[in-house]
Amino acid sequence: MDYVMAFMVGGALCAIAQLFMDIGKFSQMHVMSLFVAAGVVLGIGGIYDRLIAIAGAGAAFPISGFGYFLAKGVLAQSGAAGWLAVSAGWLAVSSGMFQFAGAILSFAIVLSFFTALLCKPKG
């Protein structure tokens, strides 16, 4: 049942993105930015936690999951010293973002490099 829920939620997120591009005439970059921002907002509100509990990887792997992990890192770092306290500092809060999202960024960079080696891009 876990696989079915992951497929349904991940597919629904992808279908929503496709509807934004087809009906709303948004570009791919606009939809990606919207989904990252939505992941941050839903992550701060605690709603995305429930979605990940239900769908697992179906909610964590889309681009909205990246926004959620950025928000989760900021909340984890700032939670020790209060919400964006001055004592925590912007550097500490910024490093908290990459505590959770660092592995995602590293994976994307390495995968992009090897894809570029295999596909020989023209640009």
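This is a predicted model: local features need pLDDT of at least 70, side-chain atom pairs count only at pLDDT 80 or more; totals for chains, interfaces and linings use all residues.
F35 is buried, with a relative accessible area of 10%.

**The aromatic cluster**

- The structure holds five aromatic pairs.
- In one of them, the ring centres of F20 and F26 lie 5.7 Å apart and the planes meet at 85°, so this pair is edge-to-face.
- F20 also pairs with F35: here the centres are 6.5 Å apart and the planes are again at 85°, so this pair is edge-to-face as well.
- Put together, ring pairs join F20, F26 and F35 into a cluster.

- F35 counts as buried because its 10% relative accessible area falls under the 20% cut-off.
- F20 is partly exposed, with a relative accessible area of 28%.
- F26 is partly exposed too, at 39% relative accessibility.

- Which residues of α3 are buried? They are Y48, I52 and A55.
- These three cover an arc of only 85° around the axis, which means that they sit on the same side of α3.
- Now look at the face of α3 turned away from that buried side: there you will find the exposed residues R50 and A53.

- Where does G56 sit? Its place is in the loop between α3 (47–55) and α4 (57–60).
- G56 follows α3 and has a positive phi, near 65°.
- With a relative accessible area of 27%, G56 is partly exposed, because that value lies between the 20% and 50% cut-offs.
- G56 and D2 are 54 residues apart in sequence, and their C-alpha atoms are 7.7 Å apart in space.

Notes. Residues are numbered from 1 along each chain as its sequence is written. Side-chain values use heavy atoms; hydrogens and water are left out. Helices (H or I, at least four residues) and strands (E, at least two) are DSSP runs, numbered from the N terminus. Buried means under 20% relative accessible area, exposed over 50%, partly exposed in between (1.4 Å probe, protein chains only). The arc is that of the directions from the helix axis to the C-beta atoms. Rings of Phe, Tyr and Trp (its six-membered ring) pair if their centres lie within 6.5 Å; planes under 30 degrees apart count as stacked, over 60 as edge-to-face and the rest as tilted.
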